[in-house]
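Let us walk through this structure by question and answer. Look it over before you read on.

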Amino acid sequence: MALVPFSIVDGLGRVLMHGEGLEVPVPLDGCHVVEGLPPSDRHWRDVGADVWVDMGEAPSPACVFDWPSHSWVDPRTLDDIRSAQVAAINAEARRQASALTTGYPDFERQTWPTQEREALAWQADASTPTPYLDGIATARGIAPEDMRARTLQAVLAFRGASQYLVGTRQALRDAIYAATTPAAVLAVVWPPESPTT
């Protein structure tokens with residue numbers, strides 16, 4: 001005797017149980033027995049139309065499937081969504097900021113304020129002493145003027161990139177808090193093109 005595939009669904013189309021048996025079980029009150037198995041765990045049963053319906057992918061990890069409306073909904077409050085979006089913006093800003101310093105050891109990064117101070121002072125007045133940069137130049141085997149120029153170029157490039165990151169993060173945060181609907185909040189994302197990527 002062949003096994004019969006079946007599914008038991010509730011009044012909203014949720015699959016409560018499915019399997020195969022010699023006999024189809026008797027459903028509880030308010031439930032329906034359907035011959036066959038759901039195509040996947042993402043399907044619900046439209047009992048009236050007698051068809052399986054794919055609920056699709058959740059639009060975001062925060063969404064849950066609302067059975068009465070048969071649609072995905074985000075149960076978070078507007079403040080919850082804002083907090084999550086600000087956290088995402090901050091994470092991207094940190095990622096891009098980290099990319100600016102990747103490859104430099106900590107001890108070298110700790111010297112950057114001194115290098116920056118000397119390079120900017122030298123830019124303002126070429127006769128200003130730059131003992132730290134001169135020491136690096138000697139160790140590298142390059143002229144002190146080259147070291148000052150290279151450091152100044154790096155300082156200005158880093159400043160420009162960091163100004164972009166800080167200003168963009170602040171502008172996006174402001175836009176998130178100015179938005180009045182979940183969709184408007186979720187539309188505020190880090191620009192795909194930036195000077196640091």
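Q: In which loop does D50 lie?
A: This is a predicted model, in which local features need pLDDT of at least 70, side-chain atom pairs count only at pLDDT 80 or more, and totals for chains, interfaces and linings use all residues. Residues are numbered from 1 along each chain as its sequence is written, and side-chain values use heavy atoms, with hydrogens and water left out. Helices (H or I, at least four residues) and strands (E, at least two) are DSSP runs numbered from the N terminus. D50 lies in the loop between β4 (43-46) and β5 (51-54).

Q: Is D50 buried or exposed?
A: Buried means under 20% relative accessible area, exposed over 50%, and partly exposed in between (1.4 Å probe, protein chains only). D50 has 53% relative accessibility. D50 therefore counts as exposed.

Q: What is the phi of H70?
A: H70 sits in the loop between β6 (64-66) and β7 (71-73). With a relative accessible area of 27%, H70 is partly exposed. H70 is not a glycine, yet its phi is positive, at about 50°.

Q: Which helix has the highest confidence?
A: Confidence is given as pLDDT, the predictor's score for each residue from 0 to 100. The protein averages 93, and 98% of the residues score at least 70. Confidence is lowest in strand β3 (residues 32-35), at a mean of 90. The highest value, 98, belongs to helix α4 (residues 131-140).

Q: How many Å does α1 reach from its first C-alpha to its last?
A: The expected span of a helix is 1.5 Å times one less than its number of residues. α1 has 24 residues, and 34 Å is expected. The model comes close to that, at 35 Å.

Q: Which helices do the buried residues of α1 pack against?
A: The buried residues of α1 include I81, V86, I89 and A93. Contact here means heavy atoms within 4.5 Å. The partners are α2 (106-109), α3 (112-124), α5 and α6 (182-186).

Q: Which residues is Q85 in contact with, leaving aside its neighbours within four places in sequence?
A: Q85 is found in helix α1. At 11% relative accessibility, Q85 counts as buried. Its contacts are I176, V185, L186, V188 and V189.

Q: How are α1 and α5 oriented?
A: Axes are lines fitted to C-alpha atoms, for helices over the stretch in contact, and angles run from 0 to 180 degrees between N-to-C directions. Under 35 degrees counts as roughly parallel, over 145 as roughly antiparallel, 65 to 115 as roughly perpendicular, and the rest as oblique. The axes of α1 (residues 78-101) and α5 (residues 144-178) come within 10 Å and cross at roughly 175°. That makes α1 and α5 roughly antiparallel.

Q: How many residues of the contact of α1 with α5 are nonpolar?
A: Ala, Val, Leu, Ile, Met, Phe, Trp, Tyr, Cys and Pro count as nonpolar, Asp, Glu, Lys and Arg as charged, and the others, Gly among them, as polar. The contact includes I89 and A93 of α1 and F158 and L165 of α5. Five of its residues are polar, three are charged, and the nonpolar ones number eleven.

Q: How are α3 and α5 oriented?
A: Their axes are 9 Å apart. α3 and α5 pack at an angle of about 105°. α3 and α5 are therefore roughly perpendicular.
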